[in-house]
Amino acid sequence: MRLPAGVRERVAAVHGGAALPERLRLYDGWAARYEQDVAALEYRAPQLAAASLAFAFPAPPAEARLLDVACGTGLVARELHRRGFRCLDGVDGSAGMLERARSTGLYRQLRPCVLGREPLPAPAEHYDAVTVVGALGEGQVPSAAVPELLRVTKPGGFLCLTTRSNPSNLRYKAELEATLEGLERQGAWRKVLAQEVERWERATSEEESTQGTGYISGVVYVYRKCPVPPLEEG
């Protein structure tokens, strides 16, 4: 079944390379329809990312402090909450998205922040886990902002990141993976998993579709910040 034209137009608008103020305005305007649209897209990144982080997490997560970067309307928070995470903070550049996220009641704190333009509003080594789901892509959060995610993560903490593998995002994906691999070579973190997923979401055009499937693929990455604490005996 073909995606509704309105969904395709709204997705194209926010990924269309507009200047930041215009892009934030588009996200503000999209907030009320966002969850309806991503349901039509069969967007699986929030579920996949939360499941991957929960799988990697070594201890019961209820007391773990987690920062949901580019939190949108709170889709990732819902999935994390289902998996036992309770101490959630969020940041997003869109006031409209933050208002929707606030209405979920799942976050302790929500603050405005445009990652890549300004530092995260958190002290160093504050969070046990940090997520960025859906915002690492062409024309969105630059790959050069990844070290700022590490700054606010505790040693031994986890970072869960996602990106898309559709044709228009391949250049960005290559830049992102070069950044991730460079940080690993420097000893900043170690890779826990990188999971390629074929049916990430429905494609908005034939050109973006993976081998004519009508879907695009994507990747979930989980890294652990070094130094990783030793395993407890017993």
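**View 1. Glu 201 stands opposite Ile 216, a residue of strand β7.** Everything in these views comes from a predicted model. Here we're looking at β6 and β7, where β7 covers residues 215-225. The two strands pair in the antiparallel sense, over 10 bridges. As a bit of background, strands of a sheet pair through backbone hydrogen bonds, and they can do so either parallel or antiparallel.

**View 2. Seven strands side by side: the 7 strands make an open sheet.** Read across it and you get the order β3-β2-β1-β4-β5-β7-β6, with mixed pairing. Who stands at the edges? That would be β3 (107-112) and β6 (189-202), and each has a single partner strand, so one side of each is left without a neighbour in the sheet. From one strand to the next, the twist averages 15 degrees. Helix α7, made of residues 170-185, lies across β5 (153-164), β6 and β7. The helix runs at about 15 degrees to β7.

**View 3. Two glutamates, Glu 42 and Glu 125, each have a positive phi.** Glu 42 has phi near 55 degrees, a positive value in a residue other than glycine. You'll find Glu 42 in the loop between α2 and α3 (45-56). Is Glu 42 buried or partly exposed? With a relative accessibility of 36%, Glu 42 counts as partly exposed. For Glu 125, phi is positive at about 55 degrees, although this residue isn't a glycine either. Glu 125 belongs to the loop between β3 and β4 (127-132). At 45% relative accessibility, Glu 125 counts as partly exposed.

**View 4. Inside the largest cavity, which has a volume of about 40 Å³.** How many cavities of 30 Å³ or more are there? The count comes to 2. Rolling a probe the size of a water molecule over the atoms shows where empty space is left. The lining of the largest cavity is made of Leu 67, Asp 89, Gly 90, Val 91, Gln 109, Arg 111, Pro 121, Ala 122 and Tyr 127. Two or more of the lining residues come from each of β2 (87-92) and β3. The largest share, 3 residues, is from β2.

**View 5. Zooming in on Gly 90, a residue of strand β2.** Gly 90 is one of the residues lining the largest cavity. Gly 90 is buried, with a relative accessible area of 2%, under the 20% cut-off for that word. Leaving aside neighbours within four places in sequence, Gly 90 is in contact with Leu 67, Asp 68, Cys 71, Tyr 107, Gln 109, Leu 110 and Arg 111.

Key: Residues are numbered from 1 along each chain as its sequence is written. This is a predicted model: local features need pLDDT of at least 70, side-chain atom pairs count only at pLDDT 80 or more; totals for chains, interfaces and linings use all residues. Side-chain values use heavy atoms; hydrogens and water are left out. Two strands pair if DSSP finds at least two bridges between them. Helices (H or I, at least four residues) and strands (E, at least two) are DSSP runs, numbered from the N terminus. Axes are lines fitted to C-alpha atoms, for helices over the stretch in contact, and angles run from 0 to 180 degrees between N-to-C directions. Contact means heavy atoms within 4.5 Å. Buried means under 20% relative accessible area, exposed over 50%, partly exposed in between (1.4 Å probe, protein chains only). On a 1 Å grid over the protein atoms alone, a cavity is a set of points where a 1.4 Å probe fits but cannot get out, and a pocket is an open set with protein on both sides within 12 Å along at least five of seven lines; lining residues have an atom within 4 Å of a point. Grid points are joined across faces, edges and corners, and a volume is the space filled by probe spheres set on the points.
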